[in-house]
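Biologist: Could you take me through this model slowly, and tell me at each step what a term rests on?
Modeller: Gladly; let us look at it together.

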Amino acid sequence: MNKFLERLKGGEILVADGATGSNLQKMGLKPGKPPEDLIIDDPDTLLKLARSFAEAGSDIILTCTFGGTRIRMKDSKYQDRTPEVNMRAAEIARKAAALNNGLVAGSMGPVGAILKPYGPLEPEEVKAMFAEQAKALAEGGVDLLLIETMFSFEETTAAFEGARSVTELPMVVSFSYDRGTRTMMGVKPKDVMKHYSEMGATLVGANCGTTLENMEAVVREYAATAPNFPLWVKPNAGVPHMDIETEQGVYDMSPEDMATYARKYVELGAKVVGGCCGNTPEHIAAIVKAVKI
Ligand SMILES: [Zn+2]
């Protein structure tokens, strides 16, 4: 049996990792440079960050492939090596996850352009791009696929169908409600839950977003729509404000704040909790302490 499904079935609450982008910037990644470049240029930095999460107690390490679809890789100098980049990222994450006998989630984020009828992209080409990415991540040895920070049904469904056409791995669908409890396209949690639980997602969830309170409202809406359906909840450490000197986002939620809310999310049905932007290994360690028996 798949290791992720086995651990869920065992009743375990799993803790995912913290932020990739905001932590890599602290480690010297220049704003505007795609993190995916590091997979080839500087795998040691990625491994170091991933290891720090595993050491903090993360059970699930995400691959650094949020922008790893071929179209989004146009920002990277390695676009022509898209499958290799995804495969290598999975290998790096597996090395780190092994420290805690953990799992690897293959991260797949939005392609960065809008689908028809609102934009130029054909659903079939988007499906093919996600299929290519999912296949490479699966070959790299991930335990599950995570379609994350999504905001529209059109793209998420293309991602889901594309990935499903190449692998039987468990899939998590996670939306970002960055208008509070709606996505920027006006999508509502109850409709996301209905759609993707029926489509065969193993977990439905939310990541990034705005405040921890808004995330709680989203989680409540999911739980009210499908009681007992397992949830994935990975919020930002609050809404960032800009530090003028360092030109980096500052996130105000403390490790204790994240831990308090993580416990609430688990009470409401979250089976995986973690942290998106602004979450450091200290935040993850506090979450682990709060939700693990
Ligand atoms: Zn985020």
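Biologist: Which residue of E7 is the bridge partner of valine 204?
Modeller: In this predicted model, the bridge partner of valine 204 in E7 is leucine 231.

Biologist: What makes E6 and E7 a pair of strands?
Modeller: Two strands pair if at least two bridges are found between them, and E6 (residues 203-208) and E7 (residues 231-235) have five bridges, in the parallel sense, so they count as paired. From E6 the chain crosses through helix H9 (residues 212-225) to E7, and this β-α-β crossover is right-handed.

Biologist: How do you know that E7 also pairs with E10?
Modeller: The same cut-off of at least two bridges applies, and between E7 and strand E10 (residues 270-273) there are three, again in the parallel sense, with valine 273 of E10 as the bridge partner of valine 233.

Biologist: Why is E7 called mostly covered?
Modeller: A residue is buried if 20 or more other C-beta atoms lie within 10 Å of its own, and five of the five residues of E7 are buried. Leu231, Val233 and Pro235 point one way, Trp232 and Lys234 the other way, and all are buried.

Biologist: Why is H8 called oblique to H9?
Modeller: The axes of helix H8 (residues 189-199) and H9 come within 8 Å and cross at roughly 45°. Angles under 35 degrees would count as roughly parallel and 65 to 115 as roughly perpendicular, so H8 is oblique to H9. Their crossing is right-handed, and the residues making the contact include Met193 of H8 and Tyr222 of H9.

Technical notes: Residues numbered from 1 in each chain as written. Predicted model: local features only at pLDDT ≥ 70, side-chain atom pairs only at ≥ 80, totals over all residues. Buried ≥ 20, exposed ≤ 12 C-beta atoms within 10 Å, placed from the backbone. Helix = DSSP H or I, 4+ residues; strand = E, 2+ residues; numbered from the N terminus. Right-handed = clockwise from strand over helix to strand, strands pointing away. Axes fitted to C-alpha atoms, helices over the stretch in contact; angles between N-to-C directions. Parallel < 35°, antiparallel > 145°, perpendicular 65-115°, else oblique. Left-handed = near helix turned anticlockwise from the far one by under 90°. Contact = placed C-beta atoms within 7 Å.
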